[in-house]
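Walk through this model one chain at a time. Start with the layout below, then follow the text.

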Amino acid sequence: MDSKLNASLAEYLTALGDDELVLAQRDAEWCGHAPILEEDIAFANLAVDELGHARTWYELAAELLSEDRGRFPDHLAYFRDAAEWRCVQLVTLPRGDWAFTLLRRYFFDVLEVLRLEGLKSSGYAPLAEAAAKIYNEELYHVRHGKAWLPRLGRGTEESHARMQAALTQLWPYTAQMFLPLPGEAPLVAAGIAPETAGLEAGWWAAIEAALAAADLRAPEKFIPVTRPRSQQTEHLMGLLSEMQMLARANPQARW
Amino acid sequence: MEKLAVTEQEVWAALDEVMDPEIPVVSLVQMGIIRAVALQGQQVLVTMTPTFSGCPALEVMEEHIRVRLAELGLEATVEKTLDPPWSSDWISDAARAKLKSVGLAPPHLHGGDFIAVLDAPISCPYCDSFNTTLKNSFGTTPCRMIYVCNNCQQPFEQFKPL
């Protein structure tokens with residue numbers, strides 16, 4: 001690959017990692033607070049999975065940029081300000097209630113599986129290998145969400161109302177997930193990454209079926225969020241200030 | 001007297017004594033985590049693959065590998081590979097029996113399609129009853145699922161097929 005394509009792929013991988021890491025951080029906020037013990041444990045482990053995926057993408061970016069594979073992921077996580085992050089807004093939103101948390105994760109996981117299907121046949125072998133690994137793990141995420149959506153959507157009056165409210169609140173943010181990722185265009189042309197816009201139909205089909213099975217209806221009228229990933233919000237700033245505090249106060253800190 | 005050179009076989013035997021930090025009855029070799037060993041003088045390159053990519057025990061494993069091989073006078077470099085992705089089919093028969101002995105149901109053999117076996121009945125590691133119910137597809141680590149046995153009423157975990 002030429003250096004220009006390298007830089008595009010590093011940008012793309014960093015955005016993928018940013019989505020995973022920020023979602024991991026949000027979901028980890030449930031540790032010790034989830035409504036039942038099993039889900040408390042489950043969510044901590046879903047978050048750990050995403051953390052591992054973020055590290056995998058960041059390590060690949062490190063190689064492309066000739067950075068230290070061991071140290072670069074920490075640099076990206078702890079020493080970038082909000083303006084340098086490229087995650088979608090969906091993952092930055094405050095954790096909300098349990099219904100909001102489950103639904104956001106399901107929206108994200110379904111898209112991730114579709115993207116990974118494309119990345120498994122990437123023309124860049126290290127990316128294809130990582131995608132094959134992560135794909136297998138993500139199938140468990142989708143399975144977890146698929147079991148919970150109908151339980152809450154068709155559970156009690158309150159659980160249904162909360163799911164419907166979460167759906168109405170989250171829906172506008174799904175639009176941004178289908179905008180091209182940073183660096184994407186030349187990667188699509190080179191057969192290294194799938195076109196994000198092309199994943200929307202498959203995502204919608206899966207989500208439509210899941211919502212129907214949970215007696216939920218997507219809102220018909222809404223204002224889609226289509227701002228670029230380079231424009232972050234105060235939600236991300238708050239999250240970063242907590243996540244980065246220790247590493248910035250003491251850059252030599254070791255576990 | 002000249003010191004005898006360490007053989008690759010001895011390296012493998014030493015690695016078979018490095019236990020999985022989260023399941024200390026099975027070794028990294030028995031779990032299929034160690035993929036290759038390349039010995040060159042006092043230097044050894046150990047290639048390992050994570051069971052799950054977010055496994056929090058990975059760094060501990062690397063450290064334990066280096067410490068154990070240092071006891072043989074070797075300086076170990078640990079490299080990670082993701083190709084081919086780790087498969088639960090690689091867990092040895094001996095390790096499967098050990099998992100069961102500590103109450104962890106071993107994963108079904110799946111021959112490459114782990115999704116196909118996910119709904120297959122799981123037997124309770126305590127009473128062998130197949131009358132068990134999945135409670136959650138995530139347990140105390142990313143690699144485990146929680147079940148309950150309807151026969152002996154015992155909750156238990158299964159190592160996930162992957």
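Chain B splits into domain 1 (8-80) and domain 2 (103-159). These bounds come from an automatic or database domain assignment. The model is predicted: local features need pLDDT of at least 70, side-chain atom pairs count only at pLDDT 80 or more, and totals for chains, interfaces and linings use all residues. Residues are numbered from 1 along each chain as its sequence is written, while chains are lettered from A and ligands numbered from 1 in the order in which they are written.

The C-alpha centres of domain 1 and domain 2 of chain B are 28 Å apart. Their contact takes 6 residues from domain 1 of chain B and 4 residues from domain 2 of chain B. Two residues are in contact if their C-beta atoms, placed from the backbone, lie within 7 Å. On the domain 1 side of chain B, the touching residues are 3 nonpolar, 2 polar and 1 charged. Here Ala, Val, Leu, Ile, Met, Phe, Trp, Tyr, Cys and Pro count as nonpolar, Asp, Glu, Lys and Arg as charged, and the others, Gly among them, as polar.

Now look at the strands. Strand β1 (residues 19-20) and strand β2 (residues 23-27) of chain B run antiparallel, joined by 2 bridges. Strands pair if DSSP finds at least two bridges between them. A hairpin of 2 residues links β1(B) to β2(B). M19(B) stands opposite S27(B) in β2(B).

Turn to chain A. Its secondary structure comes to 10 helices and 0 strands. Helices (H or I, at least four residues) and strands (E, at least two) are DSSP runs, numbered from the N terminus. The radius of gyration of chain A is 18 Å, close to the 18 Å that the globule rule gives for 255 residues, so chain A is as compact as a globular protein of that length. The radius is taken over C-alpha atoms; the rule is 2.2 Å times the number of residues to the power 0.38.

Helix α2 (residues 37-64) of chain A has 28 residues and should span 40 Å at 1.5 Å a residue; its end C-alpha atoms are 41 Å apart, which agrees. The expected span is 1.5 Å times one less than the number of residues. Of the 28 residues of α2(A), 22 are buried (20 or more other C-beta atoms within 10 Å of a residue's own, C-beta atoms being placed from the backbone). Just after α2(A), S66(A) takes a positive phi of about 55°.

Finally, the chains meet. Their contact takes 20 residues from chain B and 22 residues from chain A.

Technical notes: Buried ≥ 20, exposed ≤ 12 C-beta atoms within 10 Å, placed from the backbone.
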